[in-house]
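Please read the points below with the sequence and the model side by side. Each point takes up one topic.

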Amino acid sequence: MSTKQDRSREDEIQDLLDSAAVGGYEEMGSEDSPKLKQPAPLKKPGLDSPGAQNKANTNALLLSFVLMVVVGLGNKIFQVLQLIPMYNYPLFVNLLTTFVYMPLSFAYILPMMRWGTLITKEATEIPKYKFAVMGLLDSLAGIMQTLSVNFLANGSLVILLSQAAIPVSMVISRWLLKTKYRTSQFVGAAIVAVGLVIVLLPSFLHSSDKTGSHPVLWAMVMILSCVPMCLSSVYKEKALGEVEIDAVYLNGWVAVFQFLAAIPLLFPSAPAAGVPIGDLKHNMLSGLKCLVGHNTYHQKHGSIHVDDCKMSPVYVSVYLLFNINYNILIILILKYGSANILWLAMTIMVPLGNVAFALKFVPNHKPLEATDIIGLLLIMTGLITYRFWAKLYKRWQRRKVAGQPLLQQNVAPDSPFLTSKSSPGGVSTPVRGISAHVVRKQRAAQSRQERWEAERMQRGHSALGSTRSPASQNGYNGPMEPNSEDYY
């Protein structure tokens, strides 16, 4: 067998797995290797040389990473700040932040369905009840998170508690998808869980002055909100399978059903928000007035606080602006860049967000306590271990045995170097449905590699001295698509 040809084949497979991008694919291959779909590079007019093109790609990805961190951090900060002047109206805020996605999404969907090609016929034939299930689960997660953020009134704690999605998603995907995880992922999730316990210690010892209730109650609600959120992500993966679906089309329909589900959820949510069910209509109207800066309550009335809506138009508008751009950036990064950029940016946002809410000029700022710092360090260690340890170990192992082709390396079965076909590329859904695309694409790529390797060994591929896959030897020269057994 030609070592040079083997390495070429392995480099193609590794590039496909490392990129794990969504969309923007171009075919590449040769007579001796099956065509692989590889993310198309970001092209800049006037750049023809490979070196100049690579430099342009690097600069574009670096810029997208910086923008993702800045916009994502603004999204996290103003998610908390918008509820300070809107404290009496979390139910209204939840409806508003869901509603804005409908006109924005369908302003793209309708013309694209009529004149474009990105929304395929296969996607439009997906039964709408599947979107309804996704919308219901997202709506449950949304109202639980909005109430928790409102009554915790601690931005640093909110950011740290949201990382509970990692252990929660592992349990759910293991239960429903029979997902297999690497040792490093179990270790990372365990470290995150320990960090969360340390962060919550002060909550068990002190009562909340703002709500009059133990803050651990809302901390538990925040953690439990990860359950419907992760169920939604898992359902997206199972219900959509390998259907190529435009992310905006998916988000638009999910937003419709999420908004419809949020309306009946107002009634069980009202008592939790301190609003009598009979006052729901008045609370919604008062929330609309507060949105434009007009106060309704000028003195404390039961659990209702005195309104201070002066900054509501600014905070809510800035949050919506950040949130919309956050969605757009995620779509663009996954389409033209790499999922690893997204996970790295999301990881860096955690300590930056905690520091931001400790700054004195930030409203409702709180100094970082010793337990916050220790918990933050542990959670960051867990996040890095969960998301990046296996990939870093794999690259180190490849360099260590650089003299051998990748598929001929002798690696122990329990080594984290091996990639499980069921290992997800990420955890919770950052925005509606987007991460499901990443997970499905990564698993499809992993399944393609593992099936090709298994068939190669079974048919004595090495002895034949050919670098073509068994499928291409039989006349097929396209990308090998995973079947349902391999996929899940």
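1. Gly375, leaving aside neighbours within four places in sequence, is in contact with Gly195, Ile198 and Val199; contact means heavy atoms within 4.5 Å. Gly375 and Gly195 are 180 residues apart in sequence, while their C-alpha atoms are 4.2 Å apart in space. Gly375 lies in helix α17, residues 370-400. Helices here are DSSP runs (H or I, at least four residues), numbered from the N terminus. Gly375 counts as buried because its relative accessibility is 0%. Buried means under 20% relative accessible area, exposed over 50%, and partly exposed in between, with a 1.4 Å probe and protein chains only.

2. This is a predicted model, in which local features need pLDDT of at least 70 and side-chain atom pairs count only at pLDDT 80 or more, while totals for chains, interfaces and linings use all residues. Residues are numbered from 1 along each chain as its sequence is written, and side-chain values use heavy atoms, with hydrogens and water left out.

3. Gly353 is buried, with a relative accessible area of 0%. Leaving aside neighbours within four places in sequence, Gly353 is in contact with Leu73 and Ile159. The C-alpha atoms of Gly353 and Val158 are separated by 9.7 Å, and the two residues are 195 residues apart along the chain.

4. How many residues of helix α3 are buried? Nine of the 10 residues in α3 (residues 90-99) are buried, so this helix is largely enclosed by the rest of the structure. The buried ones are Pro90, Leu91, Phe92, Val93, Asn94, Leu95, Leu96, Thr97 and Thr98. They pack against α4 (101-115), α6 (128-152), α12 (247-262), α13 (266-272), α14 (280-291) and α15 (312-336).

5. Helix α12, one of the helices that α3 packs against, has 16 residues and spans 22 Å from its first C-alpha to its last. That is close to the 22 Å expected at 1.5 Å a residue; the expected span is 1.5 Å times one less than the number of residues. Because 12 of its 16 residues are buried, α12 is largely enclosed by the rest of the structure. Among the buried residues of α12 are Tyr249, Asn251, Gln258 and Phe259.

6. Two salt bridges are counted, a salt bridge being a side-chain nitrogen of Lys or Arg within 4 Å of a carboxyl oxygen of Asp or Glu. One of them joins Lys236 to Asp138, with the closest N and O atoms 3.3 Å apart. This pair links distant parts of the chain, 98 residues apart: Lys236 is in helix α11 (residues 226-240) and Asp138 in helix α6. Lys236 counts as buried at 0% relative accessibility, and Asp138 counts as buried at 12%.

7. The side chains of Lys121 and Glu125 also meet in a salt bridge, at 2.2 Å from N to O. Is Lys121 buried or exposed? Lys121 is exposed, with a relative accessible area of 60%.

8. The structure holds one disulfide, defined as a pair of cysteine sulfur atoms within 2.5 Å. This disulfide joins Cys290 to Cys309, with an S to S distance of 2.1 Å. The link is left-handed, with -105° about the S-S bond. Cys290 is in helix α14 and Cys309 in the loop between α14 and α15, 19 residues apart. Cys290 is buried at 0% relative accessibility, and Cys309 is buried at 0% as well.

9. Cys226 is buried at 2% relative accessibility, and Cys230 is buried at 3%.

10. Leu62, Val66 and Val70 form a nonpolar patch on the surface, with about 260 Å² of accessible area together. Patches are made of residues with over 30% relative accessible area and no salt bridge; like charges are joined within 9 Å, and nonpolar side chains (Val, Leu, Ile, Met, Phe, Trp, Tyr) within 5 Å. Accessible areas come from the Shrake-Rupley method with a 1.4 Å probe, and for residues only the protein chains shown count as cover. Leu62 is in helix α2 (residues 50-81) and counts as exposed at 52% relative accessibility. An α-helix has 3.6 residues a turn, so residues three or four places apart point the same way.

Definitions and conventions: Helices (H or I, at least four residues) and strands (E, at least two) are DSSP runs, numbered from the N terminus.
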